[in-house]
Amino acid sequence: MILSPETLLKSSRPQIRRGTYFIQTWGCQMNEEDSEQMALYLEGIGFEKAESFVEAQVILLNTCSVRKKPEDKAFSLLGELETLRRGRSDVIIGVCGCMAQARADEIRKRAPHVDFVLGTGDIGQLPSLVEEASQRRKFQKRVELPERKGKIVDDVPQRHLGRSPKLKSFVPIQYGCDKFCTFCIVPTTRGRERSRPTNDIIEEVTMLAQGGTKEVSLLGQTVNSYGKNLVEGRVPFSKLLWMLNDIEGLERIRYMSPYPRDFRSDLIETIRDCPKVMESVHLPIQSGDDAMLKEMHRLYTVDSFLEIVENLRRAIPGVGMTTDVIVGYPGETEEQFENTMRLMEKVRFDGAYMFAYSIRPGTPAGDRKDQIPEGVKKARLAKLIDLQNKITCEINETFLGKVVEVLVEGPSSRNPEVLQGYSRDFRMVHFEGSPDRKGRLANVKVTGSQQYGLRGELV
Ligand code: SF4
């Protein structure tokens, strides 16, 4: 919830419960997961979750630097919080996440009312930083912001395992990235690639499954290169999937996002043969033009990508495939953009996350002089989205009459009479049924389709 300064001043004395926190999260699943960890640490020192930041004593902004928009939103909220702070000296404000890692100095300068800036690898330090900030408040000392500038995380972050299992849980298995794509800030904000020890992952997923988690999504920036630098010896990603498959109570395993160059035959065989691994692959292509891929420092070609798609579809007929695409990368010509359109027509992904290139200061692409005008980027993006929406609708229509297995997540947020869940190839499915089916697998016959998924009836 974003409130205007006027609203904040009007509500300058809301019902503040001491010992409450509020975390505003932007960005990817990794950030969602980090926020859950932060919440656990704060609850561990006696804080309770507040419904909004206006009611909270500790306010954390877990930021994202992947595009400009979430950074602008974070600075805008920091401006609002300055107004809030003027009326309430007890409030503690912390900035965490990728922006905290990459732009700590700027945050200090633009928002001196921030109490601390916490890097992506330092979540375990949250309790001591909050205690420190409250002590400073108590004795009316001037607040000095802890030094976090330029600190590149190189350890596997300390994890709080006291989480409440959900039906579907995210589990980070790898942090950072070694690929250095020219458009991406992640290697700066999250450091070099590190894998979590295999036993820790097994222990966490076992605990989650015992508590009711049916589906885990394994998280990593290039998740399929998991295990490379492990002290206890290399554990290939496909082997980890087989190990997780043995965990009792767990029904499904997803992972995101694999990197095309490291997508090898052992992983394809595992998706085919390992019962709990879902037949759904999110494989970012980014561009359908070889010269663009090279400039982006993506370590594969269009042909090698197409070969993976072909091998996957041959081994696992009906495998769901989605991708990420960037249009308007610096220097992208009309012809290069058309190559991306052609590739999308050729592959016919089930869905795609499509973006106009966003300048990221501090990246090689961000410094280029041949930036594409915003209007051109927008027009290309609209054209690509139109094409992909058409393809998605056409593919969804082919499911009419088929039976799909759905993990029932409960009533739909839009219509509580209708249940919803995802199929094994990651299609949203809506159908009528009793809410007590939540958490169970159901077979659903598809009776209708639309761009956002399928409708059906219980078999
Ligand atoms: S693979 Fe490229 S886009 Fe993905 S996190 Fe690493 S540097 Fe960023």
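This is a predicted model: local features need pLDDT of at least 70, side-chain atom pairs count only at pLDDT 80 or more; totals for chains, interfaces and linings use all residues.
Colleague: Let's zoom in on E11 and E12. Which residue is the bridge partner of His282?

Modeller: E11 and E12 run parallel, and 3 bridges join them. Strands of a sheet pair through backbone hydrogen bonds. For His282, the bridge partner in E12 is Thr322.

Colleague: Now the barrel. What is the order of its strands?

Modeller: Here 5 strands close into a barrel, and the pairing is mixed. Ignoring direction, neighbouring strands of this sheet are turned by 50° against each other on average. The order is E14-E15-E16-E18-E17.

Colleague: On to helix H14. How far apart are its end C-alpha atoms?

Modeller: Helix H14 covers residues 374–397, which makes 24 residues. At 1.5 Å a residue, the helix should span 34 Å, and the model agrees with that. So the end C-alpha atoms are apart by 34 Å.

Colleague: Which residues of H14 are buried?

Modeller: Let's start with what lies over them: the cover includes strand E12 (320–327), helix H13 (334–347), strand E13 (351–356), strand E17 (441–450) and strand E18 (453–458). An α-helix has 3.6 residues a turn, so residues three or four places apart point the same way. The buried residues of H14 are Lys377, Arg380, Leu384, Gln388, Thr392 and Asn396.

Colleague: Does Gln286 count as buried or exposed?

Modeller: Gln286 is found in the loop between E11 and helix H11 (290–295). Its phi is near 75°, a positive value in a residue other than glycine. Gln286 has 23 C-beta neighbours inside 10 Å, and the cut-off is 20 or more, so Gln286 counts as buried.

Colleague: What about His297: how many C-beta neighbours does it have inside 10 Å?

Modeller: His297 is found in the loop between H11 and helix H12 (302–315). His297 is not a glycine, yet it has a positive phi of about 60°. His297 counts as partly exposed because its number of C-beta neighbours inside 10 Å is 14.

Colleague: Which residues does the cis peptide bond join?

Modeller: Ser257, on one side of this bond, lies in the loop between strand E10 (252–256) and helix H10 (265–273). Omega is about -10°. The cis peptide bond joins Met256 and Ser257.

Colleague: Last one: how do the residues of the shell around the ligand divide?

Modeller: The residues around the ligand are Cys177, Lys179, Phe180, Cys181, Cys184, Val186, Pro187, Gln221, Thr222 and Tyr259. They divide into 7 nonpolar, 2 polar and 1 charged.

Methods: Residues are numbered from 1 along each chain as its sequence is written. A residue is near a molecule or strand if its C-beta atom, placed from the backbone, lies within 6 Å of it. Ala, Val, Leu, Ile, Met, Phe, Trp, Tyr, Cys and Pro count as nonpolar, Asp, Glu, Lys and Arg as charged, and the others, Gly among them, as polar. Helices (H or I, at least four residues) and strands (E, at least two) are DSSP runs, numbered from the N terminus. The expected span of a helix is 1.5 Å times one less than its number of residues. A residue is buried if 20 or more other C-beta atoms lie within 10 Å of its own, exposed if 12 or fewer, and partly exposed in between; C-beta atoms are placed from the backbone. Two residues are in contact if their C-beta atoms, placed from the backbone, lie within 7 Å. Two strands pair if DSSP finds at least two bridges between them. Axes are lines fitted to C-alpha atoms, for helices over the stretch in contact, and angles run from 0 to 180 degrees between N-to-C directions.
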